[in-house]
Amino acid sequence: MRVIRHLARRAERLPGSVLTLGNFDGAHLGHQAIVHRAVARARETAGVAVALTFEPHPVAVLAPAHAPLMLQTLHDRLASLAGLGIDVTVVQRFTRAFAALDPEAFVRDFLLRHVELAYVVVGYNVNFGRDRAGTSETLRALGARLGFGVEVVGPVAAGDGEQVSSTRLRTLLQAGDMPRARALLGRSYALRGRVVVGDRRGRTLGFPTANLHLRAGLLLPPDGVYAVGVEVDGRAHEGVLNIGVRPTFAGGRRTIEVHLLDFSGDLYRRWLVVKLIERLRGEEAFSGPEALRAAIARDVERARRVLGGGS
């Protein structure tokens, strides 16, 4: 997949484009349905599947106090779009000046100036332009006048019938409801981080852990212990994840530590993808190292039972 970060600097328009636009944060089932339709339409017309996404999140620019925690880094968002078949992703820097474009100016003076639009594929609840005034009906009217087709997708429901949305997904994740979040994502929620030096306390307890460093601003589920799947260099492992401040040792800084089951080796400075399968318990303070060791042993056994069903 090709990534374009400065569309306005291109001398030529992107030809024969089937474009979809949005934040696509989390790449949940609703996003997947929109992107799959755009890709299918591009293949049907021998065109190019183009995704337009925004960085930073528009709310972070227009109302910073209300900006949502992100479900993915930009790197992971781009990887998700590539995996869904997008040919070109345009990362548009979102500014107040850009937000001030009215819906018609956004389409006529930005999109059509730089992209040869054949179709635009959007979700049913799309909003764009100044004051979020543009809707799917606005796009249909502009398309009829300016010469491109418009296809509207959704709403999309998960397998349990629940409507898929980023807001609902964040609510489930913040509640620690990993199975229902998985239903909206079509996969397990994952954290990707690099292993950094920790205090090595887990090793002294008999359960060595890898201390993960994550990008700031990502949504974390509630503190506690989770059964997880872990990818290391593309190979799958099972594990137990702890998120929290380690109250047994009077900790104050939140850490993210994962113990890989039946694994030996050096993980320092390697990138791990941790897939959260189920929350086993909340964070607890124990009377001392021995009580904590016994609790971790119980966590490991429970995780083995949970993960026996796969990730």
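Select Leu 101 to begin: leaving aside its neighbours within four places in sequence, Leu 101 is in contact (heavy atoms within 4.5 Å) with Phe 106, Phe 110, Gly 129 and Arg 130. The model in the viewer is predicted, so local features need pLDDT of at least 70 and side-chain atom pairs count only at pLDDT 80 or more, while totals for chains, interfaces and linings use all residues. Residues are numbered from 1 along each chain as its sequence is written, and side-chain values use heavy atoms, with hydrogens and water left out.

Remain at Leu 101, which is found in the loop between helix 4 (96-99) and helix 5. Helices (H or I, at least four residues) and strands (E, at least two) are DSSP runs, numbered from the N terminus. Leu 101 counts as partly exposed, at 25% relative accessibility; on this scale buried means under 20% relative accessible area, exposed over 50%, and partly exposed in between, with a 1.4 Å probe and protein chains only.

**The aromatic rings**

Next, select Phe 54, Phe 94, Phe 98, Phe 106, Phe 110 and Phe 128, which ring pairs link into a cluster. The structure holds seven aromatic pairs. Rings of Phe, Tyr and Trp (its six-membered ring) pair if their centres lie within 6.5 Å; planes under 30 degrees apart count as stacked, over 60 as edge-to-face and the rest as tilted.

How are the rings of Phe 94 and Phe 98 placed in their pair? Their centres are 5.8 Å apart and their planes are at 75°, so the pair is edge-to-face. The rings of Phe 98 and Phe 106 also form an edge-to-face pair, with centres 5.9 Å apart and planes at 80°. Phe 94 is buried at a relative accessible area of 11%, Phe 98 is buried at 12%, and Phe 106 is buried at 4%.

Now select Arg 41 and Tyr 119. The charged end of Arg 41 sits over the ring of Tyr 119, 4.0 Å from its centre; the criterion is NZ of Lys or CZ of Arg within 6 Å of the ring centre and within 35 degrees of the ring normal.

**Two helix pairs**

Two packed helices are described by the angle between their axes and the distance between the axes. Axes are lines fitted to C-alpha atoms, for helices over the stretch in contact, and angles run from 0 to 180 degrees between N-to-C directions.

Select helix 5 (residues 103-114) and helix 6 (residues 136-146), which pack at an angle of about 50° with their axes 10 Å apart. That makes helix 5 oblique to helix 6: angles under 35 degrees count as roughly parallel, over 145 as roughly antiparallel, 65 to 115 as roughly perpendicular and the rest as oblique. Among the residues that meet here are Val 107 and Leu 112 in helix 5, and Leu 139 and Leu 142 in helix 6.

Finally, select helix 7 (residues 166-174) and helix 8 (residues 178-185), whose axes come within 8 Å and cross at roughly 155°. Helix 7 and helix 8 are therefore roughly antiparallel to each other. Their meeting residues include Leu 169 and Leu 172 in helix 7, with Ala 181 and Leu 184 in helix 8.

**The whole chain**

Zoom out to the chain, whose secondary structure comes to 10 helices and 12 strands. Its C-alpha trace spans about 75 × 35 × 35 Å along its principal axes. Of its 311 residues, 47% count as buried.
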